Amino acid sequence: MNRFWLFKMAWRDSRKNRARLFLFLSSIILGIAALVAIQSFGENLKNQLDNEAKELLGADIEIQSRYAFPQKFLGYLDSMGVQSAREVSFASMVLFTKSGESRLVNVRAVEPGYPYYGSFGTNPINQGVLTNPNQALVDETLLLQYKANTGDSVKVGEITFAIRAGLTQIPGQTGIAATVAPPVFIPYNRVEETNLMQRGSRLYYKLYVKYPPNISETLVKSIKDKLEAENLRYDDVEERKEEIGEAYEDLTGFLNLTAFIALLLGCIGVASSVHIYMKEKVQLIALLRCLGAKGRQGFGIYLVQLLAMGLIGSIIGAFLGTVIQYYFPLLFKDFLPFDIDLQLSWPSVIKGIVLGVITTLLFSLYPLLKIRKISPLKVLRASVENNEPDRWPLLVYVLIGLFILGFSYLQLGNWFTSVLFCLVLLVAFVVLAGLAQGIIWLVKRFFPTKRSFILRQSLANLYRPNNQTLVLVITIGLGTALLSTLFLSRQILLDKVNISATLENRPNMVLFDIQESQIKELEDLTKQNNLPVLASIPVVTMQIESVKGKTAQENKADTVSGLRNWVFNREYRVTYRNTLTESETVTSGIWQGKVTGPRDSIFISLDERLAEDLKVAIGDPLVFNVQGAFITTYLGSIRKVDWQRLETNFQVLFPSGVLEQAPKFYVLLTRFESAAESAKYQQVMVQKFPSVSIIDLNLILQTVDEVISKVSFIIQFMAFFSIITGIIVLIGSVLISKYQRIQESVLLRTLGASRNHILSINALEYFILGSLAALTGIVISLFIGMGLAIGYFNTTFNPDLLSLLGMYLFITLSTVFIGLYNYRSVIIQPPLEILRKEG
Amino acid sequence: MSETILKVSNLSKSYSSGDKLLTVLADVNFELEKGSSCAIVGPSGSGKTTLLGLCAGLDKASSGSVTVNDVVLDHLSEDERALIRRKHIGFIFQSFNLIPTLTALENVMIPLELKNEKNIRERCLELLKKVGLGDRYNHYPSQLSGGEQQRVSIARAFSNEPILLFADEPTGNLDDETGATIQELIFDLNKEKGTTLVLVTHDLDLAKKTSRILKMKGGKIVSDETQVLAGLPL
């Protein structure tokens, strides 16, 4: 076969079809652009992680503990010749003295030296080192929120610090983490004076270590061995890199899938456009065969043409994607712990181009394959059909299925999720395709022969040869389902928090870290402020000494059935009471709420996940170390706890009559009705009880909304690709059918139909298509939303129907508008002029 | 001794239509010699186009045999028959059947390009000049009138110098005056190139310009008239 001739013919044939071919391209361009942008960004991020790994940690190694590091251990590190800086952090209220407002923050007291690598980003710049013991560094957003400036004061516990600068960047911390717990840095040597480190306060200790230059691997190993021996958790640069990489992979995996859906939508457009395009080429191919071209030569011409289009589209898409990734740092700034230096990522560009060409090929292969069987006799008789059986189409479907599954797996890295994703996609496809076929069947079956001319014409458009029903219903429907699911997920998350905040008689403010000596006074003060004391919950901290008779040491030796070390190392916060709350349900055993005599066995209750981790069953013994005193208990019941409810829930629950005399602190639940009431109460509390922390559910709601807004901004950005692709597919299919329908519309106009007739016929057709597709897309998303709400978020599903109605109207009207916009020439210009122009 | 270019023996073609077998061509026999011209005439549905399709190797017969230039087409695959058409056969259609995306010159060049011949541009330009379109070679079909399109189609039909030319109602879509010019062009080129011409037409005046007229009815040849034409071999 003369390959050069195939290329020449493909080129020649494309000359008069460029506008249409460009529409095929657009879908590929957008899909590939989205993919390349995400992947390039991911590549750049990976490189950055490699280059700036040390800056992420601010040290060579970060050691964590729930207790202050013993001097002996610090001495050991000194003897190793390493530098170290201690940090203690805890949640606490701080007061901005200028505005008089207070807020729960993450107080971090650090010794000088940290960060050893990288630096704090500050406003004004280069103010990241706390040289003055009376100064603090405060998160920049907090300063903005509370209208505080550099030089103003912030009161942390009993000490007032001058604000040295606003913090814009902390080594290893993302903006989103700062949103949840905004940091305030104070000098380490002043933390005691704040008087906030009292018994019951949840303190986190860290030690940042910097190795000397040219440290030997043996020394590093011996330090790590020592940490293991001391049961200390630590993160080194490699681990931190992995953690950030993994977190980012989850996000990019999801975003890649969104981009992939955009590409798939485009592919549906390509497939349907190629299908109609090939139908138009049947006569031409028959003629070529008549003149002596072989079947595979006809196939070859269009294969070359479409592959070239796919290649061009992918190259443009890859270029566009590379440009778009420069916008990503803005998009991701709250999720990344560093500024990212972007470069052209050739691997992503090449991957994108290859993927673009493969998808173009796969999705245009089915209509292309039909070309091989076109009979040359069609030149003489258009009605001749080739009925030879062809197995290739089945193979194409299998290949498309495998391709989608394979790509999903590459993105998600998990077969179960990938299969689930493909199944949801398949179900959505089948439902939408079924709907389209159903519409066609119903319209044909119950055609209203006696209704108006306009209605009959628009309905007939739905099933006439080369109709757009299938392609438009699938693309618009899938796009709507995607958007609507994103919208509903956001709504579910917000509602979940909102329910707790607004339901009557449910607490919406939590006060914790209350000392035993403070509780009475605090309760009285709450009541004086006309707020109810909904609950005062005692909390006792303890550790597990042994499980089923085995201590931590014995467990470590047992390599077969041993438990993980953390179950012994961690601190358990336990309460005692004689009844269960609304968020608890006993799943096995019996809850015994009271121990009456000192010789009675103590039957405790565990959360089912903890029971699983501890590998215990009803009746198994557990010994707790309550601040030095050992208490032997037996597992009496296992509870399912609804952790999603914003209440004070506990993994370990003791019956009353055991822990009453143990050292404890309290959590108090109350409810306020107005923001002013809350602000006034918080102000009084911070002044009077500086060590007590307050969580205002409204603040949580606001934080959750902020976090979701940031996440959904990224998601919406990606969904934007799907929408644009959907619109292009819509324009494409309208344009393709336009060439076929122009003749009919012109004929109708020649026969006396007015512009209004043509306009109404087309508007009604697009309204029916857009409306049904949007409605089905929304219904599909309602099912997904319901599944997410009940199965994943564990909450009730109350979709905002008014917003969904808005989305339905928007999509339906957009369809009508785009449809009509493309027909404007047929509507506005005189019939003869259109015929001349369109040839 | 004259050379047989097309030999049709006991040719039949049937289609199944539901439970019934519809015979559109029944036991047709004839032979054409090199350089001769023949018209196939008959009413609509008489089997003319089916016969043309089978003779040109566009379709397969239900029974019987077609031989073109000593090659029996009966058992050849579609691609093998395409090679025969490429080498030996030319076509002129009632609706011109030009490729709309190619210019006049490119349309004429197609059969030669399929044969993988080199330096064809000048030859094809010459042919276009012969049909009177030397200055319009770069125009697309949509920029040409019906008569001009048929001229391009004639140039294309002769470009691969076929030994057998099939013309299906070549003047059917043209007015009388243009039709007459096209007829003249076909016969002149046919004479010049020594091609064997098979013409399918309703137009008896056109048929009379050929050396032989096969009349068809109900899928059969009902008469076979040979005419003596000045300057044309029998």
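This report describes the fold of chain A in outline and the sheet and helix of chain B in a predicted model.

## Basis

Residues are numbered from 1 along each chain as its sequence is written, and chains are lettered from A and ligands numbered from 1 in the order in which they are written. In this predicted model, local features need pLDDT of at least 70 and side-chain atom pairs count only at pLDDT 80 or more, while totals for chains, interfaces and linings use all residues.

## Chain A

Chain A holds 25 helices and 21 strands (DSSP runs numbered from the N terminus: helices are H or I, at least four residues; strands are E, at least two). Of its 839 residues, 40% are buried (20 or more other C-beta atoms within 10 Å of the residue's own, with C-beta atoms placed from the backbone). Where contacts (C-beta atoms within 7 Å) link residues at least 6 apart in the sequence of chain A, 85% join residues at least 24 apart.

## Sheet of chain B

Four strands of chain B form an open antiparallel sheet in the order S2-S1-S4-S5 (strands pair if DSSP finds at least two bridges between them). Strands S2 (20–33) and S5 (71–72) of chain B each have a single partner strand, so one side of each lacks a neighbour in the sheet. S1 (residues 4–17) of chain B pairs with S2(B) over 10 bridges, and Ser16(B) lies opposite Leu21(B) of S2(B).

## Helix of chain B

Helix H1 (residues 48–55) of chain B packs on this sheet, touching S1, S2 and S4 (63–68) of chain B. The direction of H1(B) makes about 120° with that of S1(B) (axes are lines fitted to C-alpha atoms, for helices over the stretch in contact; angles run from 0 to 180 degrees between N-to-C directions).

In H1(B), 8 of its 8 residues are buried, among them Lys48(B), Leu51(B) and Cys55(B). Gly57(B), which follows H1(B), has a positive phi near 75°.

How values were computed: Contact = placed C-beta atoms within 7 Å. Buried ≥ 20, exposed ≤ 12 C-beta atoms within 10 Å, placed from the backbone.
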